[in-house]
Amino acid sequence: MKRLLAFLFALTLLLTGCGFSAPAKMPDASLPAETDAPLSPGDSTGEECPLLEYSNLNSAASRQQVDDLLEKAGISAQRRQVLWNHVEQFNAAVDATPLLGDFQQANILVPGYDPYDYQEQWLEQYPDFNGYNCRITAFGLVGDRLSANPDAEIRDNDLFMDLESLQSDPSALCDDGDLELFRRVFSCVPTDNTTDVAVHAANVRVDWEKRGISFAESDSLSLITVWFHNQWSEEENELFIGHTGVLVSAQDGLYFVEKLAFQAPYQVIKLPSREMLKHYLMDQYDTAWGQNTAPPFVMENDHLMTENTF
């Protein structure tokens, strides 16, 4: 039964986390009016995400701009080339006309393409290959900056689609041992039956410390993860990385590199602050109210993103 639930959860992610971009949620008249108070951990304002500058890397100029940023942040030529190979593969498999090349300001939650059309177009070209999702893309870029104890427990039931893709095309696994490292880093984390995001974030930190999951210190590069709370029963609760991307700090701002879904485009967003990044991610993935599980929450490396971190 747990494996069946994990399968159904993975299908849900195709529509929410590491899947097709969910529409921004609409305000509920039963909720309190919006205020200018800071966001609490795991909370979303329900407001429409503001216009942001972003690119789908659909031009040579945008790819060169991002490649320069990634190189300055310390990402190796080999790992950058994997990204560009995958970007070009995706953009060649679909009608890339609506995809942005150079960075433009637009409503990022209302893309100019139809993700369901893209799914069909991808599967016409690759009927036996899911493609690459957010976790594979982020790991491909920063896998050599991640570490884990070699005997750390692996809990990868929710990663079966990722592992199927990596078996079909292991190009994102640049170093020996990367597959096992991927399985450990993106393993689910046992947690408590609570909606308190602070408790869940603390459980992630404790579990990661116990299993030796860490990210190399850097002033310009970090791993952003969006965690979802699964409740299989009152006694069985776990946290799962439903979306992830790489954050690069540059002189002119922050750049968030992400793959939206297996059969959805690559995207790089230029942001003025981490607060804006959290706003975007919560508007993208915190799309349900009244659930008996905790809302999604955002971590940078092993630290919870709160109003105190901006």
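Colleague: Where is A202 found, and what makes A202 count as partly exposed?

Modeller: A202 is found in helix α8, residues 197-211, where a helix is a DSSP run of H or I of at least four residues, numbered from the N terminus. Its relative accessibility is 36%, and partly exposed covers values between buried, under 20%, and exposed, over 50% (1.4 Å probe, protein chains only), so A202 counts as partly exposed. This is a predicted model, in which local features need pLDDT of at least 70 and side-chain atom pairs count only at pLDDT 80 or more, while totals for chains, interfaces and linings use all residues. Residues are numbered from 1 along each chain as its sequence is written, and side-chain values use heavy atoms, with hydrogens and water left out.

Colleague: Why is α3 called roughly perpendicular to α4?

Modeller: The axes of α3 (residues 77-93) and α4 (residues 115-125) come within 9 Å and cross at roughly 105 degrees. Roughly perpendicular spans 65 to 115 degrees, with under 35 roughly parallel, over 145 roughly antiparallel and the rest oblique, and therefore α3 is roughly perpendicular to α4.

Colleague: Which residues of α3 meet α4?

Modeller: Q89, F90 and A93 in α3 meet Y118, Q121, W122 and Q125 in α4, contact being heavy atoms within 4.5 Å.

Colleague: What makes C174 and C188 buried?

Modeller: C174 has a relative accessible area of 16% and C188 one of 8%; because buried means under 20%, C174 is buried, and C188 is buried as well.

Methods. Axes fitted to C-alpha atoms, helices over the stretch in contact; angles between N-to-C directions. Helix = DSSP H or I, 4+ residues; strand = E, 2+ residues; numbered from the N terminus.
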